[in-house]
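Have the viewer open and follow along.

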Amino acid sequence: MNYELPKGSRLLNKEFTYGVATSSFQIEGGIEDRLPCIWDTFCATPGKVKDGSNGDLACDHYHLWRDDIALISSLGVDAYRLSIAWARVMNKDGSLNQRGVDFYINILDELKAKNIKSFVTLYHWDLPQHIEDQGGWLNRNTAYLFQDYADKLSKAFGDRVYSYATLNEPFCSSYLGYEAGIHAPGLTKKAFGRQSAHHLLLAHGLAMQVLRKNSPNSMNGIVLNFTPAYPLTDSPADQRAAQLADDYFNQWYIKPVFDGAYPDSFALLADEDKPVIEPGDFDIIKAPLDFLGVNFYTRTVYRATEGRDFIEVDMADAPKTDIGWEIYPQAFTDLLVSLHQKYKLPPVYITENGAAAADQLHNGAVDDQLRLSYYQSHLNAVHQAVEQGVDIQGYFAWSLMDNFEWAEGYLKRFGIVYVDYNSQQRTVKNSGLAYKNLISNR
Ligand code: FCB
């Protein structure tokens with residue numbers, strides 16, 4: 001088993017960084033040693049998570065981290081992308097919780113000892129509940145609390161971190177969490193979605209200031225997700241629908257970061273939905289970045305409709321992964337090339353890409369053909385984007401191992417390593433073995 005790339009591809013250079021990714025809430029467990037976060041509350045609310053599960057144990061990484069790093073090392077990857085649980089490292093009074101900080105310092109030191117670069121994300125959606133109780137991302141002050149957390153933590157970590165990302169996918173935190181209500185904290189108001197997005201972006205810019213000061217030698221940036229929007233037909237109405245959807249779900253989060261402005265379609269928002277923006281906010285938000293992290297899984301197709309800007313079309317006959325997301329690798333190349341054309345990008349890292357599959361463990365192996373072919377076609381798509389001039393320097397598989405998939409609970413498996421949740425045994429899937437081969441054969 002191996003993934004094939006064209007001879008001479010930049011993706012076959014030793015300098016190209018290959019990694020695996022996880023996030024704190026999805027794998028750690030260890031809730032006895034941290035404050036509650038919004039996902040604990042959301043999981044405890046009936047009907048929010050499909051299998052009624054929670055993050056209390058997850059992959060028990062809190063206790064198994066040393067074995068998990070040995071596993072990461074056995075895959076031969078160059079880098080590991082993890083996130084920090086804010087509620088583990090900060091006390092309610094705003095002081096550092098040294099026990100939590102030490103948990104991550106031990107991980108960072110172990111990674112360094114194994115020659116694995118650490119890509120640390122400061123916020124992968126697990127806001128401390130006591131901050132949500134003060135309004136969460138609807139409260140402007142949360143952006144300043146985030147800056148303070150980033151400041152204290154980056155001082156405590158010293159020079160251990162290879163790369164910091166401020167936020168993971170602010171689209172999900174704001175739109176899914178405060179506007180569509182399908183993620184924590186589960187609020188449902190358009191104005192909330194827009195206001196929380198603005199405060200998240202502000203938090204990003206404020207955190208960049210302290211990271212630059214405290215950790216000048218690390219590569220500091222942000223991780224954004226993109227679901228490219230395609231029109232159902234070439235009709236001007238469908239094309240406009242797709243463009244408005246693209247603005248709303250994608251450009252909304254990147255344009256402020258690079259251009260210091262929201263997309264023009266901001267003007268279409270009703271006055272009561274417009275976020276409060278203070279003078280100077282965009283100067284903070286558009287702080288220069290050392291890298292942009294891009295997460296990609298799928299595309300969405302839209303058409304025009306009466307009375308709304310756009311409506312999503314279900315591509316009923318298209319190939320899909322186990323979570324129902326269309327497999328459409330061309331959108332990955334198109335996305336990367338279009339971002340490169342629209343913005344003055346720093347080096348790009350693919351910080352997440354992967355597929356959910358209904359994996360079965362048979363005789364100690366998982367033959368995950370769907371995921372193998374997904375990775376093959378998407379690595380090719382990245383290669384194509386490089387050929388078209390996009391400066392892409394790394395690629396992370398989502399995920400290292402099966403884990404708590406948010407509103408889907410444990411029902412969807414994204415790992416290149418299989419997790420038996422009863423025994424906590426890990427088994428490298430065939431997609432993971434192929435990844436290992438690709439990396440070691442460069
Ligand atoms: C992304 C998230 C990640 C994981 C994948 C499948 O949106 O960043 O935590 O859930 O989707």
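Start at His183, which sits in the loop between α8 and α9; helices here are DSSP runs of H or I with at least four residues, strands are runs of E with at least two, and both are numbered from the N terminus. Before going further, note that this is a predicted model, where local features need pLDDT of at least 70, side-chain atom pairs count only at pLDDT 80 or more, and totals for chains, interfaces and linings use all residues. Residues are numbered from 1 along each chain as its sequence is written, and side-chain values use heavy atoms, with hydrogens and water left out.

Back to His183: with a relative accessible area of 9%, this residue is buried. Buried means under 20% relative accessible area, exposed means over 50%, and partly exposed is in between, using a 1.4 Å probe and protein chains only. Leaving aside neighbours within four places in sequence, His183 is in contact with Trp39, Phe42, Trp125, Cys172, Leu176, Gly177, Trp406 and Ala407; contact means heavy atoms within 4.5 Å.

Cys172, Leu176 and Gly177 are among the buried residues of α8, so let's look at that helix. How many of the residues of α8 are buried? The count is 10 of 10, so the helix is mostly covered. The cover over those buried residues includes β3, α6, β4, α9 (190-214), β5 (219-226) and α10 (236-259). After α8 comes Gly181, with a positive phi near 75°.

Not counting residues up to four places away in sequence, Trp406 touches Ser23, Phe25, Gln26, Trp39, Val49, His124, Trp125 and His183.

His124 counts as buried at 2% relative accessibility. Beyond residues up to four places away in sequence, His124 touches Ser23, Gln26, Arg81, Ser83, Asn168, Glu352, Trp398 and Trp406.

Several of these names turn up in the annotation. The unreviewed UniProt entry marks Gln26, His124, Asn168, Tyr297, Trp398, Glu405 and Trp406 as "binding site". The lining of the largest pocket includes Gln26, His124, Asn168, Tyr297, Trp398, Glu405 and Trp406 from that set. For the pocket search, a 1 Å grid is laid over the protein atoms alone: a cavity is a set of points where a 1.4 Å probe fits but cannot get out, a pocket is an open set with protein on both sides within 12 Å along at least five of seven lines, and lining residues have an atom within 4 Å of a point. As for the annotations, their positions are given in the numbering used here, feature names are shortened, and they may be inferred rather than shown by experiment.

Which residues does the "active site" annotation cover? According to the unreviewed UniProt entry, they are Glu169 and Glu352. They span 184 residues in sequence, yet no two of their C-alpha atoms are more than 10.5 Å apart, so they gather at one spot. The lining of the largest pocket takes in Glu169 and Glu352 as well.

Glu169 is in the loop between β4 (163-168) and α8 (170-179), and is buried with a relative accessible area of 6%. Apart from neighbours within four places in sequence, Glu169 contacts Trp125, Val223, Asn225, Asn295 and Glu352. Glu352 itself lies in strand β10 (residues 348-352) and counts as buried at 4% relative accessibility. Not counting residues up to four places away in sequence, Glu352 touches a set including Arg81, His124, Asn168, Glu169, Tyr297, Phe396 and Trp398.

Phe396 belongs to strand β11 and is buried, with a relative accessible area of 0%. Phe396 and Val294 are 102 residues apart in sequence and 9.9 Å apart in space, C-alpha to C-alpha.

Finally, have a look at some helix packing. Helix α3 (residues 61-74) and α5 pack at an angle of about 10°, with their axes 10 Å apart. Axes are lines fitted to C-alpha atoms, for helices over the stretch in contact, and angles run from 0 to 180 degrees between N-to-C directions. α3 and α5 are therefore roughly parallel to each other; angles under 35 degrees count as roughly parallel, over 145 as roughly antiparallel, 65 to 115 as roughly perpendicular and the rest as oblique.
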